[in-house]
Amino acid sequence: MRTRPKRGTSTRGRKVVRVLLATAAALAVLAAGLGGIVVWQHSYDLRERAVTIRHGGRVLDGVLALPPQGEGPYPLVVFVHGDGPVDATHDTFYRPIWESLARAGYASLSWNKPGVGGAPGDWLDQTMDDRADEAAAAIAWARDHPDVDRGRIGLWGASQAGWVLPRVAAREPGLRFVIAVSPAVNWHRQGRYNLLAELREDGASAAETAAALRRRQTVLDLLRRDASHEEYVRAVDGPDRMTAARWRFVSRNHTADATADLPALRGVPVLLVLAGHDLNVDTTETEAVYRRLLPGPELRVARYPDASHSLLRHDVEDSSTRLTLTGLFAPRGLFADGFLADQREFLASLGTERAES
């Protein structure tokens, strides 16, 4: 468990989102000159459809991204977001991935988190069980959609989705595949790893590290006795102190551990995607746990030594200038070499036969 309010999304990860948002604004500015190139680079070979999914008395506003040609029904990849206020396209971050999956003949489905993009609710009110219920509702909706092959539906999820994907699998035994990108396993161990990795990255001294670990232990003690936000504020100071909403979210979810649910994925083809420069998730632990709990050829592990937690190229993400220019002029080049193609090849390897519904 981290003691900072940005759990699940690294400082660099938030910078990526800001750059992608800035990219949209820059499109208009560059329209008179290089705008044609930029617009072309941000045009994706997809047919996107706005969709509405009903779940628990609420409406989920989503996007169904179909291959550019042909007729359905198509096999489907259901996207499960990581941490943060994520909309259906993840501020366009998903579109290069959708395009790559479409080249393998797959559709993609995603939706706004509660409270994002005008959606009702608040994503910070959700537990991991709530998120699994939401994904299960989306799968149920998809099975009745004429453009979806109801017998060939699987999941794609990143980071915090590591606690959601196996829970969905436990409730949906008909899943055909799972793509797990930088998934976390245990909330507390992930948090400690993340804290220490960021301190090392920032060049923290031994004294600063010790102080951060003491602060973290104080937060853990408060969480374990279900302390209020007021108690937390009295005990912990600093500019990165959690808001009341974030404290509520962490209080509800800090015991998350994927190990109990991961066996539900046995027999399901799983592509485990791991980055070499991951400051958020201990990829060595994640791989060991997945290999122990999912023995057999169905588990495939893809490692990208030069990638960050978000599976962007580390050398690009580490430079604001390169990140901005790549985001503008070559958004597909943001991702680690092979990342997009390997997912496409994984899905293609599953075959094209339709399962019995």
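Predicted model: local features only at pLDDT ≥ 70, side-chain atom pairs only at ≥ 80, totals over all residues.
Y94 and W156 are both buried. Helices α7 and α9 cross at roughly 70°. R215, in helix α7, reaches a backbone oxygen with its side chain.

**Aromatic pair F79–W98**

- F79 and W98 form an edge-to-face aromatic pair.
- Their centres lie 6.2 Å apart, with 85° between the planes.
- The angle is over 60°, so the pair counts as edge-to-face.
- F79 sits in strand β3, residues 74-80.
- W98 sits in helix α3, residues 95-102.
- F79 is buried, with a relative accessible area of 0%.
- W98 is also buried, with a relative accessible area of 1%.

**Aromatic pair Y94–W156**

- The ring centres of Y94 and W156 are 5.7 Å apart.
- Their planes stand at 80°, so this pair is edge-to-face.
- Y94 lies in the loop between β3 and α3.
- W156 belongs to strand β5, residues 148-158.
- The pair therefore ties together parts that are 62 residues apart in sequence.

**Aromatic cluster**

- One aromatic cluster takes in F79, F93, Y94, W98, W156, Y304, F335 and F339.

**Helix crossing α7–α9**

- Helix α7 spans residues 206-224, and helix α9 spans residues 244-253.
- Their axes come within 10 Å and cross at roughly 70°.
- That angle makes α7 roughly perpendicular to α9, because 65 to 115 degrees counts as roughly perpendicular.
- From α7, the contact uses V219, L222 and L223.
- From α9, the contact uses W247, V250 and S251.
- The contact residues of α7 with α9 divide into 5 nonpolar and 1 polar, with no charged residue.

**R215 in helix α7**

- R215 is placed in helix α7.
- Its relative accessibility is 18%, so R215 counts as buried.
- The cut-off for buried is under 20%.
- The side chain of R215 reaches the backbone oxygen of D237 at 2.8 Å.

Note on methods: Residues numbered from 1 in each chain as written. Heavy atoms only, no water. Axes fitted to C-alpha atoms, helices over the stretch in contact; angles between N-to-C directions. Helix = DSSP H or I, 4+ residues; strand = E, 2+ residues; numbered from the N terminus. Parallel < 35°, antiparallel > 145°, perpendicular 65-115°, else oblique. Contact = heavy atoms within 4.5 Å. Nonpolar A, V, L, I, M, F, W, Y, C, P; charged D, E, K, R; others polar. Phe/Tyr/Trp six-rings, centres within 6.5 Å; stacked < 30°, edge-to-face > 60°. Buried < 20%, exposed > 50% of the residue type's maximum accessible area, 1.4 Å probe, protein only. Polar contact = N/O pair within 3.5 Å; in protein donor to acceptor, adjacent residues only side chain to side chain.
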